[in-house]
Amino acid sequence: MTISDTTDEYYRQQQYVPGWQDLSTLLCSSILSAADRNEGRIFLQHVGNQLALKFPLRQVETLGLLEDEVNHLLARFNWGRVHIIVDEQGLTINHIAWPHAGQMDELPTWTLGFASLMEGCWKE
């Protein structure tokens with residue numbers, strides 16, 4: 001087991017709330033399979049957008065302060081952390097230690113669902 005695997009496993013154990021990941025994973029997989037996958041992603045992005053409206057960030061003047069503000073909000077939900085990286089290509093948002101699905105076989109669906117939700121949050 002690598003250090004990265006050990007770290008991932010640690011975060012999965014710390015963030016696991018019985019029932020929450022199971023329900024969230026079932027909702028994501030149901031949404032992504034009930035419609036075509038693209039429509040499911042669009043729906044989850046809409047939900048993420050609504051979540052961003054419900055929990056707005058303060059106006060800030062620098063990317064560093066934006067990163068701090070986002071991380072403060074993510075900490076309230078125990079949803080990991082982000083690093084905002086600026087380069088000649090633009091901005092990259094690296095989201096680490098995000099909550100994982102309860103079971104490893106559910107990880108691909110959960111990853112797509114959670115990523116779609118977060119995309120919606122960033123659109124706001």
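## Exercises on helix packing and burial

At 18% relative accessibility, C121 counts as buried, and this value, like every other one in these exercises, comes from a predicted model.

**Exercise 1.** Decide whether C28 is buried or exposed, and state how many disulfides the structure holds.

*Solution.* Begin with the cut-off, by which a residue is buried when its relative accessible area is under 20%. C28 has a relative accessible area of 8%, and therefore C28 is buried. Turning to the bonds, a disulfide is a covalent bond between the sulfur atoms of two cysteines. The structure holds zero disulfides.

**Exercise 2.** Describe how helix α2 packs against α5, giving the angle, the distance between the axes and the residues involved.

*Solution.* Two packed helices are described by the angle between their axes and the distance between the axes. For α2 (residues 20–34) and α5, the axes come within 9 Å and cross at roughly 80°. Angles of 65 to 115 degrees count as roughly perpendicular, so α2 is roughly perpendicular to α5. On the α2 side the contact is made by W20, S24, T25, C28, S29 and L32, while α5 contributes T109, W110, L112 and G113.

**Exercise 3.** Locate S116, decide whether S116 is buried or exposed, and name its contacts beyond its neighbours in sequence.

*Solution.* S116 is found in helix α5, which covers residues 107–123. Its relative accessibility is 0%, so S116 counts as buried. Once neighbours within four places in sequence are left aside, S116 is in contact with R41, L44 and Q45.

**Exercise 4.** Compare the reach of helix α4 (residues 63–77) with the expected value, then find which of its residues are buried and what covers them.

*Solution.* Helix α4 has 15 residues and reaches 21 Å from its first C-alpha to its last, close to the 21 Å expected at 1.5 Å a residue. Its buried residues include E67, E69, V70, N71, L73 and L74, and among the elements that cover the buried residues are β1 (81–87), β2 (90–96) and α5. After α4 comes N78, whose phi is positive, near 60°.

Conventions: Residues are numbered from 1 along each chain as its sequence is written. This is a predicted model: local features need pLDDT of at least 70, side-chain atom pairs count only at pLDDT 80 or more; totals for chains, interfaces and linings use all residues. Side-chain values use heavy atoms; hydrogens and water are left out. Helices (H or I, at least four residues) and strands (E, at least two) are DSSP runs, numbered from the N terminus. Buried means under 20% relative accessible area, exposed over 50%, partly exposed in between (1.4 Å probe, protein chains only). Contact means heavy atoms within 4.5 Å. Axes are lines fitted to C-alpha atoms, for helices over the stretch in contact, and angles run from 0 to 180 degrees between N-to-C directions. Angles under 35 degrees count as roughly parallel, over 145 as roughly antiparallel, 65 to 115 as roughly perpendicular and the rest as oblique. The expected span of a helix is 1.5 Å times one less than its number of residues. A disulfide is a pair of cysteine sulfur atoms within 2.5 Å.
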